[in-house]
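Colleague: I am new to reading protein models, and I would like to go through one with you, feature by feature.

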Amino acid sequence: MPSRDATTHWVGGLNSGKGEVTLDSSNAGTFNVSFPARAGDPDGQTSPEELIAAAHSSCLAMNLSGVLESQKLTADSIDVSAEVTLGPAAGGGFEISGIAITLRASIQGVSAEQFAEYAETAEKTCPVSKALAGTTITMDAALA
């Protein structure tokens, strides 16, 4: 499997500085980042937490699709949102204090109990969930 990469160029201090993160592998874009936008109003800028949310939600949607395929099922639709929270860390600094996943899927012929099992398996085996194992991850999964 290939690796993927991104680059950030930063100028200035934490509170007065600014940067740009470039998605190098895909060349999908360059996005502005700054600490004031990260800690407050995004004002059109992204943040590490938003990028983690994007990675987590897309990975989990793909992974659930794979779990369903292993059961010879295909969802009509899968919608995943991830809310990544930045907060103060004990001892100073900041930490990602939690990730709240909301997962909704439309799948013909699957009971709520079966879906709960598939969703739990998908979350536990999702590569991004595994990478974020040191963070509290909650999931609200239901059929749409």
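Colleague: Into which domains is the protein chain divided?

Modeller: This is a predicted model, in which local features need pLDDT of at least 70 and side-chain atom pairs count only at pLDDT 80 or more, while totals for chains, interfaces and linings use all residues. Residues are numbered from 1 along each chain as its sequence is written, and side-chain values use heavy atoms, with hydrogens and water left out. The chain is divided into domain 1 (6-39) and domain 2 (48-143), with bounds that come from an automatic or database domain assignment.

Colleague: How should I read a salt bridge, and how many does a search of the whole structure find?

Modeller: Side chains of opposite charge can pair when their charged atoms come close. A salt bridge is a side-chain nitrogen of Lys or Arg within 4 Å of a carboxyl oxygen of Asp or Glu, and the search finds three. In one of them, Glu49 pairs with Arg38, their closest N and O atoms being 2.6 Å apart. Because Glu49 lies in helix H2 and Arg38 in helix H1, the pair ties together parts that are 11 residues apart in sequence; helices here are DSSP runs (H or I, at least four residues), numbered from the N terminus.

Colleague: Is Glu49 buried or exposed?

Modeller: Buried means under 20% relative accessible area, exposed over 50%, and partly exposed in between (1.4 Å probe, protein chains only). Glu49 is buried at 5%, whereas Arg38 is partly exposed at 33%.

Colleague: Which residue forms a salt bridge with Lys124?

Modeller: That partner is Glu120, with the closest N and O atoms 2.8 Å apart. Glu120 and Lys124 are four residues apart in helix H3 (residues 112-125), so about one helical turn separates them.

Technical notes. Helices (H or I, at least four residues) and strands (E, at least two) are DSSP runs, numbered from the N terminus.
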